[in-house]
Amino acid sequence: RLGTLIMVQTRSQQAHGKGGNGGGDDDPEPPPALAIFSIYLGLGTLLSYAFGRDLDTFLPADEWARELFPTIIIICLFLTSYSLFDVMAVGVAKQKYGFSTKQFGPWIHNPPEEVYLALRAQT
């Protein structure tokens, strides 16, 4: 009986936008960008020194670019491939079925399978 009561409360909370994935006002705020940056900077520094960087050395200014160059290239390649293969694929699938208008019809809740799969791949 307790399980039934909990299930009813959970469904009621989700119907009113509280709890679960319902997305209500009780959802916690994401951490600030500075906190995330600090955590990644700290972890990156620790891993860098853990995998062989000398503790008594600090990179001179001209070597920072050489050190960061591969990372910047990989990020640029990822963003380019994401734009070309994911975002453009959704646009092509929507254009194929004539969904390029600004008016949303009944298809918004039940798009064709190709559009649905393209949207899922993008997320």
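Okay, let's begin with burial: the protein chain has 123 residues, and 7% of them count as buried. Keep in mind that what you're looking at is a predicted model.

Now the overall layout. We've got four helices and zero strands here, so if you read along the sequence, the pattern is simply α-α-α-α. As for contacts, take the ones between residues at least 6 apart in sequence: 31% of those join residues at least 24 apart.

Next, the core. Which residues make up the largest nonpolar core? There are five: Val90, Ala93, Phe99, Val115 and Ala118. Two helices, α3 (61-96) and α4 (113-122), each supply at least two residues of this core. If you're wondering about the general background, nonpolar side chains in soluble globular proteins tend to be buried together.

Let's zoom in on one member, Ala118. Skip its neighbours within four places in sequence, and Ala118 is in contact with Ala89, Val90 and Ala93. Val90 and Ala93 are on the core list too.

Glu113 has its place in helix α4. Is Glu113 buried or exposed? It counts as exposed, because its relative accessibility is 62% and the cut-off for exposed is over 50%.

On to the aromatic rings. How many aromatic pairs does a search of the whole structure find? One. The partners are Phe78 and Tyr82, and they're stacked, with 6.2 Å centre to centre and 25 degrees between the planes. Those two values are there because a pair of aromatic rings is described by the distance of the centres and the angle of the planes. And where do the partners sit along the chain? Phe78 and Tyr82 are four residues apart in helix α3, so about one helical turn separates them. Phe78 counts as exposed because it has 51% relative accessibility, while Tyr82, at 29%, counts as partly exposed.

Last stop, the largest pocket, which has a volume of about 320 Å³. It's lined by 13 residues, and the closest to its centre are Ser48, Arg53, Leu59, Trp64 and Glu67. Which elements give two or more residues to that lining? They are α2 (33-50) and α3. Of the elements, α2 gives the most, with five residues. And what's the lining like by class? Six residues are nonpolar, five are polar and two are charged.

So, to recap what to look for on your screen: the core with residues from α3 and α4, the stacked pair of Phe78 and Tyr82, and the pocket with α2 and α3 in its lining.

Notes: Residues are numbered from 1 along each chain as its sequence is written. This is a predicted model: local features need pLDDT of at least 70, side-chain atom pairs count only at pLDDT 80 or more; totals for chains, interfaces and linings use all residues. Side-chain values use heavy atoms; hydrogens and water are left out. A nonpolar core is a set of buried Ala, Val, Leu, Ile, Met, Phe, Trp, Tyr and Cys residues joined through side-chain atoms within 4.5 Å. Buried means under 20% relative accessible area, exposed over 50%, partly exposed in between (1.4 Å probe, protein chains only). Contact means heavy atoms within 4.5 Å. Rings of Phe, Tyr and Trp (its six-membered ring) pair if their centres lie within 6.5 Å; planes under 30 degrees apart count as stacked, over 60 as edge-to-face and the rest as tilted. On a 1 Å grid over the protein atoms alone, a cavity is a set of points where a 1.4 Å probe fits but cannot get out, and a pocket is an open set with protein on both sides within 12 Å along at least five of seven lines; lining residues have an atom within 4 Å of a point. Grid points are joined across faces, edges and corners, and a volume is the space filled by probe spheres set on the points. Ala, Val, Leu, Ile, Met, Phe, Trp, Tyr, Cys and Pro count as nonpolar, Asp, Glu, Lys and Arg as charged, and the others, Gly among them, as polar.
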